[in-house]
Amino acid sequence: MKVDLHVHTFHSMDASTTFEQLLARCEDVGLGAIAICDHGTAEGALEFQKIAPFPVIVAEEVLTPHGEIMGMFLKETIPSGTSVEDTVAAIKEQGGLVCIPHPFDPLRSSALDSKVVEALAEKGQIDILEVLNARILLESAVRRADKFAKRYGLLRSAGSDAHGPEELGNAYLEMASFRTKEEFLESLSTAEICGRRNSPLVHFHSTAQRLKKKLKKP
């Protein structure tokens, strides 16, 4: 089935996708499972998991002082702002998986520092590396991530990083169906990365949403 492992909802400060739009778009593009990884909260993923007719991985992009780390298969929100070490420990305490989103992207300020990524890999603390992110603008970053994953024997993921419904499924995995974390890991080991990178114009949507929500705050 087609699986998009990087999806945002309106719970992210720079995204707009409602649950209704998410359900409709997943059906339109044939997604059989998704991972919702809003910025700084797992609440949207936990809510959507209750109503979705397909598997939903509860995830979160946690912002550390050195960049973002994604926790997958979480049970509750992990606060942003804590150290890399504490964030990894918090993910593991929940029985979750550590995924590094959009690594080695020089144009993204939230990308985890490359030296930190390498240090975590050396310690065996990375479970998954996102190789294809549809919002990465430079092909060289994708190639570097793929090479890094192979070097350290890391499982590879892909996702649209959708902040609006029209982006869903632009990057995805073809993988065997799963229900549990263990089945997911087994399926991911043989998954095929598919899809494409977006036009740079999608980033304007995120900027507009962030500004809109900021202005709405009292």
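Arg135 and Glu167 form a salt bridge, with their closest N and O atoms 2.9 Å apart. The pair links distant parts of the chain, 32 residues apart. Arg135 lies in the loop between strand 6 and helix 5. Glu167 lies in the loop between strand 7 and strand 8. Both Arg135 and Glu167 are buried. The model is predicted.

Salt bridges that share partners join Asp105, Arg108 and Asp161 into one network. Within it, the side chains of Arg108 and Asp161 meet at 2.7 Å, N to O. This pair also links distant parts of the chain, 53 residues apart. Arg108 sits in the loop between strand 5 (97-100) and helix 4. Asp161 sits in the loop between strand 7 (155-159) and strand 8 (171-174).

Arg108 has 16% relative accessibility, so it counts as buried. Asp161 is buried too, with a relative accessible area of 1%.

## A partly exposed pair

The count of salt bridges comes to seven. One of them joins the side chains of Asp127 and Lys92, at 2.6 Å from N to O. These two residues are 35 residues apart and link distant parts of the chain. Asp127 is in the loop between helix 4 (114-122) and strand 6. Lys92 is in helix 3 (residues 84-93).

Asp127 has 21% relative accessibility, so it counts as partly exposed. Lys92, at 38%, also counts as partly exposed.

Strand 1 covers residues 2-7. Five of its six residues are buried, so the strand is largely enclosed by the rest of the structure.

Strand 1 pairs with strand 2 (residues 31-39). The pairing is parallel and runs over four bridges. Lys2 has Leu31 of strand 2 as its bridge partner.

## The nonpolar core

The largest nonpolar core holds 67 residues. Six of them touch the most other members: Leu5, Ile34, Phe48, Met72, Ile100 and Phe184.

What does Ile100 touch, not counting residues up to four places away in sequence? Its contacts are Ile69, Leu112, Val117, Leu120, Ile126, Ile128, Leu129 and Glu130.

Leu107, Leu137 and Leu138 make a nonpolar surface patch of about 240 Å². Leu137 is placed in the loop between strand 6 (128-133) and helix 5 (139-152). Its relative accessible area is 32%, so Leu137 is partly exposed.

Notes. Residues numbered from 1 in each chain as written. Predicted model: local features only at pLDDT ≥ 70, side-chain atom pairs only at ≥ 80, totals over all residues. Heavy atoms only, no water. Patch = residues over 30% accessible without salt bridge, like charges linked within 9 Å, V, L, I, M, F, W, Y side chains within 5 Å. Areas by Shrake-Rupley, 256 points an atom, 1.4 Å probe, with all protein chains shown as cover. Salt bridge = Lys/Arg side-chain N within 4 Å of Asp/Glu carboxyl O. Buried < 20%, exposed > 50% of the residue type's maximum accessible area, 1.4 Å probe, protein only. Core = buried A, V, L, I, M, F, W, Y, C linked by side-chain atoms within 4.5 Å. Contact = heavy atoms within 4.5 Å. Pairing = 2+ DSSP bridges.
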